Amino acid sequence: MIVTQAIISGLIIGALYGLAAIGLGLVFGVMKYLNIAHGSFIMLGGYASYWLFALLHLDPFISLPLVMLIMFIMGLIFYRILLAPLSKFSEDLKVNNSLLITFGLIMVVDNSATLLWTSWPKSITTLYSGAAFNIFGIRLTYIGLGGMGLAIVIILALHLFLTKTYFGKAITAIAQDWEAASLMGINIDYTYLISCALAITLAGVAGVLIVLCYSVTPSGGFSWLMIAFIVVTLAGMGNLYGIFAAGLLLGVSQAVGSLLIGSSYQGVIGFAILLLTVLFRPDGIFTRKRKGYAR
Amino acid sequence: MRCSRGKKFLLIGIVVGILALGPLYMRTDIVGLFIVLFIHIILAQSWNLIGGYAGQINLGLAAFFGSGALVTHLIWIGGANSFMALLAAGMTGLVLSAVVGFPTLRLRGIYFSMGTLAIAMTAEILVSNLFSGALRAPSIFAAGFTAESRYYVGLISTMISLLTMYLIARSRFGVGLRATRDDEDAARVTGVNTTKLKIEAFLISGFMAGIAGGIFTYYYLTIWPEFQFSTLWTFVPLMIVCIGGMGTLMGPVYGSLILVIIEHIFSRTLGAAHLIIFGIVFIIAVLYFPGGIADGLSKAQKILEGFFSSKKGLTKPTHDTRMAGETRI
């Protein structure tokens, strides 16, 4: 029974992991930039939801579209100001400079957040926050289930967008080979812009769920960045479709693992998984054939 | 205007001489500021070796620096002499970099960056759980340890690290590192063992960062483990190198000079907000001035040279066979 409970709660948190990671995977898969500030954007999404709740008393699930809009605009600005100028550098320098710039952005965002909201944890407590029900002896919270449902809906919507619409196909094409895609008449810059804004929007949604289930702090972005990075590595860098499954896998293995070795070492399990993946399957666990080297 | 070899050595000799006699004529707080400058130069050179020369972005320098500071403190309190404590700090940095470097440097850049970031985060959490508040050295240590001796420890370590960087930059090893940075595939094809070079560079870099932490402990005597392991100690050296000029010998020195002065002024007047300004300046520097101050200075020198030679109406015969874009050491 305890194991089942652990697996179920692992699945619930795993869905959140998948949602937190998909934005990072999208930016890396499409643009080959590593956005270190992804965790900070997750936190900003959480803070946006917190502010709407504290100032306007909007329920986080109702204010979600508004948060998504705010984060989308933020993503547009982020790409235009910080990532677009990087395109003048050569391939290797692009990755390095994106690391440096987004690291600088972390300093700006985190310290601004500390000034605006202090470094104390903020969370949203609604009427239904603690509410839960039992089914077959397993305790489930409404928020956990709602969050998981939301994550699944968002991921499905993203999947449909990427596979069924023309623009989504263009994004996939660029992820596979941007030079060939640009020869086929796809506007690279515009596609980058929109996919970056989408990624930041998804980070914001994850942030809303985090502020509901846990809490946000200005420096908390780092730990969510690491989780997102572990999930993306597990799925294989640039492989968008494995990310959700990898998130579930990480969530379940953390939940079950913390039963075995204690919950204070939960973070260690994540790092162990990262290390093993990097050592043995640097292209991710869902890739069948290993290429010559990993990027 | 370009200095000949002899003139260069004379200049370096004069600067070192002025610095070596420093404590004789400087005010105590200025001596302190110089020690802070030395710590920053060593840290920045440590980052520069792996980031500027080898092109691997280390985002966890704070862990190396912090563990150096912590180990020096513990060993020193334990009764070992100060030299051994400093050496132990360097060795800690080296061991830590071996732990991160061996799994991640076999792969391309981002794994290394995220690996170092992960180590820094884990170390920060671990240390804040283990030690709370300040760790003070007993007053016996303070009594037997004057400001001058701390100054000289800093000065000598800085000189050694600069000399090391100078020798590395001119050696085959340095050329290999730069080749790895510029095009890893091409370097590999030409027979450079890029993984080995990167790991060696990272070990040296970790050693230097540990030493910087040790000097920090010597200077302040009291350390705050949570503060030493904070992201600030990754960000400041990174910013110094990017502003000064990545992959140059003198860039980090210029960068440290400017940043230590600015930080000294800003952190008093603005508090935490100065980091926001620093972040913005850093981003602008990376985006629009990738060469940094070192590049700007060499450009300015060239313009001046052109200006003076045209004024005299003489065209100097150029014996310099260097290529236009080549990095000057």
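**Ground rules.** I number residues from 1 along each chain as its sequence is written, and I letter chains from A and number ligands from 1 in the order in which they are written. Since the model is predicted, local features need pLDDT of at least 70 and side-chain atom pairs count only at pLDDT 80 or more, while totals for chains, interfaces and linings use all residues.

**Entry 1: Leu76(A).** I found Leu76(A) in helix H3 (residues 60–83) of chain A. Helices here are DSSP runs of H or I, at least four residues, numbered from the N terminus. Contact means C-beta atoms, placed from the backbone, within 7 Å. I also checked Ile36(A): it is 40 residues from Leu76(A) in sequence and 17 Å away in space, C-alpha to C-alpha.

**Entry 2: chain A against chain B.** I looked up 30 residues of chain A in contact with 28 residues of chain B. On the chain A side, H4 (91–117), H9 (221–235) and H11 (266–280) each supply at least two residues. H4(A) gives the largest share, 16 residues. By class, I note 21 nonpolar, seven polar and two charged residues on that side. (Nonpolar covers Ala, Val, Leu, Ile, Met, Phe, Trp, Tyr, Cys and Pro; charged covers Asp, Glu, Lys and Arg; the others, Gly among them, are polar.)

**Entry 3: H5(A) and H8(A).** The axes of H5 (residues 142–164) and H8 (residues 188–213) of chain A come within 10 Å and cross at roughly 175°. Axes are lines fitted to C-alpha atoms, for helices over the stretch in contact, with angles from 0 to 180 degrees between N-to-C directions. H5(A) and H8(A) are therefore roughly antiparallel. (That label needs over 145 degrees; under 35 is roughly parallel, 65 to 115 roughly perpendicular, the rest oblique.) The contact includes Leu150(A) of H5(A) and Leu202(A) of H8(A). I count eight nonpolar, two polar and no charged residues in it.

**Entry 4: H4(B) and H11(B).** The axes of H4 (residues 61–78) and H11 (residues 194–220) of chain B come within 7 Å and cross at roughly 50°. That makes H4(B) oblique to H11(B). Among the contact residues are Phe64(B) of H4(B) and Gly210(B) of H11(B). The contact divides into eight nonpolar, 10 polar and no charged residues.

Conventions. Two residues are in contact if their C-beta atoms, placed from the backbone, lie within 7 Å.
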